[in-house]
Structures are given as structure tokens and as C-alpha cells.
Amino acid sequence: MLNQLIVLQVVIPLIAAPLCIILSNAKLVRAFVIFVCTASFSISAYLLYFVSTSTTKTISYALGGWAAPFGIEYRMDIMSALIGLIVSFIALIVILYGKRSILQEIPEKKITLFYTAFLLCLTGLLGITATGDAFNVFVFLEISSLASYALISLGKSRACLLAAFRYLIMGTVGATFILIGIGLLYAHTGTLNIYDLGEKVAKLHDIRTIYVAYAFIVIGLAIKVALFPFHLWLPKAYSESPTVVSAFLAGTATKVAIYALIRFTTAIFGIKFSFTTLQLDVILLVLSIITILYGSLVAIFQTDIKRLMAYSSIAQIGYMTLGLSLISVLGLQASLAHIFNHAIIKTSLFLLIGCLVLRMSSSKLSDLQGLGKAMPFTSAGIVIGGFSLIGIPLTAGFVSKWYLVLAALEQNQWWIVAVILFASLLAVVYVWKIIEVLYFKPAKETNVAVKEAPLSMLIPVMFLVFLNIYFGIETSLNAGITKAAAMQIIGS
Amino acid sequence: MKHHIILRIVSKILIPIIMLFALYVQFHGDFGPGGGFQAGVIFASALILHVLVFGLENTQKVIKSTTLQIFAALGVLIFAGVGVVTMLLGGEFLNYNYLAKSAVSGQHLGILIIELGVGITVASVILLIFYHFAGLKADD
């Protein structure tokens with residue numbers, strides 16, 4: 001029974017998605033989707049609890065009753081259970097928050113379709129974390145990507161269509177690269193199971209097919225991750241889409257791609273092959289640092305708060321891959337902790353921005369002047385989220401940056417610490433820019449009578465803001481579990 | 001196309017045959033070449049021929065795009081529903097062995113039902129896409 005939960009976590013949203021179309025009444029669909037998201041969140045929470053306390057630390061499930069190397073195996077270890085928990089938690093919060101925001105930002109006729117696409121996206125993201133089969137990863141990656149192209153294009157402005165189309169082109173190129181890589185691996189080894197592939201690839205030396213497969217898969221995933229210089233799809237996709245969509249994607253989509261990158265490089269190709277023979281660590285290190293600095297610098301010059309957050313997301317992705325590039329238990333732990341913390345930080349920020357957009361119908365910084373008085377809770381939430389983004393102590397963002405600094409110091413890479421500190425200063429600049437607009441600019445006449453966002457939106461998002469502080473103090477989940485996950489992957 | 005009498009008569013004869021062939025490909029898929037995807041495409045092509053000859057309005061009288069949406073969802077539900085049924089019967093997701101008394105007939109039954117789901121979804125989605133493009137006006 002317990003094993004069924006792995007697949008149920010993926011199957012429940014998958015079955016619920018077509019049911020939404022058949023139900024078709026928007027209110028009914030919404031209640032149903034909340035129920036579904038709660039169910040998959042409870043399942044993934046239980047799975048994480050079970051996996052991290054069990055003796056083997058993994059659960060395996062043979063889909064369709066076909067045993068592992070031949071059939072599709074679903075396999076969860078601590079890392080995948082953790083990512084699954086993040087995805088289903090963010091989905092639940094976003095849906096709870098979304099009622100008013102969806103009504104305002106998505107055309108009425110398309111609301112049912114929005115919920116359908118949302119559940120399909122959730123299916124895909126949870127599927128990537130649950131599966132232990134390389135081809136299945138590709139299939140779920142496509143399910144989640146196709147659903148997210150549709151989600152992005154649901155906005156009311158025409159610009160979102162262009163944003164979705166750009167993302168479609170880049171995402172398809174990325175997915176095709178991954179597929180070519182998996183195809184090459186399959187051609188050479190005759191297996192698709194990730195762990196079986198790992199054993200077979202480890203025995204091969206100096207085979208060009210494997211090198212080429214590696215290059216295709218890493219570049220394909222780098223596009224999905226939005227690592228510099230493959231990040232161009234991200235800012236428009238996040239800033240033009242409806243707020244709930246940008247909050248959900250910013251919290252989950254790129255994280256799951258990083259998960260896939262970690263899984264492919266460590267489990268299939270092996271740490272030795274990936275990081276010693278082919279020196280991905282050097283490439284990732286350089287690209288991560290460029291990503292961090294570039295994202296932070298460009299964020300400073302944005303005049304639209306959603307675009308600012310999108311560029312800041314790019315910078316934060318750099319921190320996650322930076323942790324991976326250090327290829328130590330501490331580094332990977334920092335990476336996973338930052339995936340966890342950033343999901344909370346960026347989702348709460350995007351949702352709070354959604355509150356501003358609901359009242360002002362604009363996300364331009366110049367239209368938001370002096371809202372600190374009119375919308376006190378939303379503005380205070382943005383300040384706390386911003387502090388967490390910078391990494392001020394007692395916020396969640398501090399925890400992951402702390403571990404990242406520790407990981408860099410462990411290898412005596414002082415200059416990385418300097419880069420992290422410098423990038424944090426850049427973060428101070430762009431967060432201060434928002435605080436200045438909200439609190440220190442005189443309010444426009446139109447902004448004085450604005451009311452605070454409705455409680456139905458404030459309660460879920462304030463819970464996230466609270467978690468920002470909670471996980472900065474109580475770190476058993478974002479530091480404890482991630483350490484166990486990192487030790488399981490690196491194996492020491 | 002009112003004056004194209006030959007086209008209209010020939011299409012009228014051909015459309016049922018194409019549909020029958022689609023059903024053959026659908027249900028013979030486990031013995032010969034074919035299956036849900038191919039059958040769905042062939043079935044949709046019969047209706048697309050109907051659109052080309054008799055016009056979009058007339059075909060939409062036969063089957064509306066809202067109905068097609070529901071059919072598209074239904075197909076996915078059939079596929080995933082089989083998986084859930086096998087789970088309820090005590091097996092893994094999509095383990096067809098549990099569907100019937102013997103494993104062989106269970107596998108047989110399972111693949112037939114899920115391919116039917118695939119067929120329904122593919123036919124409806126292809127027709128939906130065609131409806132959409134056929135319905136586009138120049139100013140849209």
C-alpha cells in the first residue's frame with residue numbers, strides 16, 4: 001500500500017486534470033483542485049517522512065508490475081522526496097491564494113482550462129521527481145513544459161503569447177537535446193533505467209557516444225534550468241504571465257530542472273566521470289558566477305517589479321548550480337537548501353506582487369509609489385521576503401547562503417565567498433529599490449485610497465512569509481534533510 | 001461546394017468506410033500494425049474530409065467543439081482509470097494482470113481499453129485543432 005503512494009502522488013493530479021474539463025463549473029473545479037493539491041501535498045509530506053526515517057532511505061515501485069531494469073521503475077530517495085514536497089507545497093499555496101488573482105488576470109472562459117493546465121504541470125513536475133527511468137524523465141519534462149507554455153499564454157495581454165512562444169522554442173530545443181542524449185545512451189547500453197544506466201556507463205571508458213550524450217543532456221538541462229547564457233526565455237515568461245503562474249513556475253519549474261541535472265550527472269554518468277573526467281565543475285562554476293552577477297546586475301536596472309524578480313530568479317539559480325559545482329556534501333547541501341528556501345522566498349514575493357497587481361492593475365515600479373501605508377501587510381511581507389532574498393540572518397535565505405559560504409571555505413576558495421558577498425550587496429540594491437518605492441516615495445494621489453489585499457490572498461501568502469522566518473531559525477528541514485539527501489547522493 | 005456533385009457523393013460513400021477502417025486499426029492493433037494513435041488520426045481524417053466537402057458549420061452540427069473537449073478528457077480518464085482499477089484490484093499502477101482471471105487475458109483486455117482511450121483522445125484533439133484553424137478569420 002505504501003509503495004502505491006509514490007505513483008498516486010503523480011496519478012492523482014493526472015486524473016484530476018481531465019476531470020476538471022468535464023466538471024467545467026469554475027467554482028466546482030476550484031474546490032476540486034484545492035482538494036487534489038491537498039491530497040498530493042499530504043502524500044509527498046508522508047513520503048518524505050517515510051523515506052528519511054526508513055532504513056534503506058529509498059522506495060522503489062515497479063510500474064505495471066514489470067521489474068526494474070526492463071519496466072519503468074519509480075524510485076524515491078531523500079532528494080527526490082524533498083523536491084516533490086517543495087513542488088506540491090508551492091502548488092497548494094498558489095492555488096489557495098489564487099481565487100481573486102485568477103479571476104482578475106485570466107479571461108473567464110479560460111479559467112477551467114487554467115486549472116487543467118496547472119494540474120498537468122504539477123503532474124509533470126512531480127513525475128520527474130518520482131521516476132527512476134531516464135525516458136520517463138523526458139516524458140514528464142515535456143508534460144510539465146507543454147502545460148507551462150499554455151499557462152504562460154493564458155494572460156490577458158498579447159505580450160504573454162510572444163513570451164510563451166519564446167519559451168516554447170527554447171524549451172523544445174532543450175527537450176530535444178535531452179531526448180537525443182537519452183537516445184544515444186540507450187543506443188549504447190540498451191537500458192533506460194537511471195540506476196542501471198549508472199552501472200553500465202561506469203564500466204565504459206573513453207566511448208565517444210557517452211561523451212556526446214553527456215554534452216547533449218547537460219546543455220538541454222541547462223536550457224531548462226535557465227543557466228547563463230541559456231536564460232533568455234525566463235524574464236519574459238515570468239513577467240508577462242499571470243501572477244499565480246509566475247509564482248508557481250518561479251518556485252518549482254527551474255528547481256525541478258536542477259534536480260534532473262543533479263540526478264543525471266551523479267546517478268547516470270557518475271561523479272567521477274562528470275566532474276573529474278569531463279570537469280563539469282569548472283564549467284558550472286564559471287557559468288554560475290556569471291549567472292549570479294549578471295542576474296543581480298540586470299535586476300537593479302529594471303523598472304517593472306515582476307521583471308526585477310525574474311532577473312533576481314536567474315541570479316538565485318546561479319547559487320543553486322554553484323553549490324553543485326563545488327561537488328562536496330556541503331556544496332550539494334547548500335544547493336538543495338537554496339532550492340528549498342528560494343522556492344519559499346520567490347513564491348511569496350511573486351504572490352505579494354500579485355496582491356499589488358490586484359489593486360493597482362500594474363506592476364511598474366513607478367505606479368506602486370507610496371503603497372507602504374495603503375497596503376501595510378503586503379508591503380511588510382515584501383520587505384521580509386526581500387531580506388530573505390538578500391540573506392540577512394534569521395531569514396531562510398541566510399541558511400542556504402551560509403552553507404554555500406561554508407562549502408566554498410571548505411575548499412579554500414575565498415574568491416567565491418567574495419563573489420557571494422558582492423552579489424548579496426547587489427541584492428541589497430535591488431531590494432532597496434523596491435522598499436524605497438513602497439515606503440519613501442510620496443504616494444500618488446491615486447494610490448492613497450487603495451485598500452489592503454483581501455484576506456483570501458493575504459492568509460496563504462503571509463503563511464509563506466512566516467515560513468521565511470521560521471526556516472531561518474528552525475533549520476531541521478532545510479539544513480537537516482538536505483544534508484541527509486546530499487550524503488546519500490555523494491555517498492560519504 | 002454545392003456544385004461538386006461527384007466530390008459530395010464519393011465523400012458520402014467514403015466517410016463511413018474510413019471510420020470503419022479506423023475502428024479496424026483500433027481493435028486489431030494487438031495483432032497487426034495499428035493502435036490507438038493511428039486509429040484516432042484515421043477517424044479524425046474522416047471528419048476532416050467532411051469539413052472540407054460540406055463545410056465547417058455542417059460538421060459542427062454533427063459534433064461540437066465543446067463535446068470534443070469532453071471526449072479528449074474522457075480518453076485520458078479511460079487510460080488513467082485502468083491504472084487506478086488495477087491498483088484497486090491489488091496490483092501496481094497499469095498492471096493489467098489483475099484485470100482478468102488469467103494474466104494473458106488481463107494483458108489483452110488492459111491494452112485494448114487503454115488504446116481505446118488513446119484513440120478517443122487523439123481523434124478529438126486532432127479534430128479540435130483542425131476546427132480551430134478552419135474557424136480562423138483573416139482579422140483574428
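The structure is a predicted model. Its ipTM is 0.89 and its pTM is 0.93. For chain B, the mean pLDDT is 89. In that chain, 96% of the residues score at least 70. Where pLDDT is low, predicted coordinates should not be read in detail.

The two chains touch. On one side, 14 residues of chain A take part, and they are in contact with 15 residues of chain B. Two elements of chain A each give two or more residues to this side: helix α1 (4-23) and strand β1 (59-62). The largest share comes from α1(A), with 9 residues. Sorted by class, the side of chain A that touches chain B holds 11 nonpolar residues and 3 polar ones. Charged residues are absent from that side.

Helix α10 of chain A covers residues 243-268, a run of 26 residues. How far apart should the ends of α10(A) be? At 1.5 Å a residue, the helix should span 38 Å.

Is α10(A) mostly covered or mostly open? The helix is mostly covered, with 25 of its 26 residues buried. After α10(A) comes Gly270(A). The phi of Gly270(A) is positive, near 85 degrees.

Definitions and conventions
Residues numbered from 1 in each chain as written. Chains lettered and ligands numbered in written order. Predicted model: local features only at pLDDT ≥ 70, side-chain atom pairs only at ≥ 80, totals over all residues. Contact = placed C-beta atoms within 7 Å. Helix = DSSP H or I, 4+ residues; strand = E, 2+ residues; numbered from the N terminus. Nonpolar A, V, L, I, M, F, W, Y, C, P; charged D, E, K, R; others polar. Expected span 1.5 Å × (residues − 1). Buried ≥ 20, exposed ≤ 12 C-beta atoms within 10 Å, placed from the backbone. pLDDT = per-residue confidence, 0-100.
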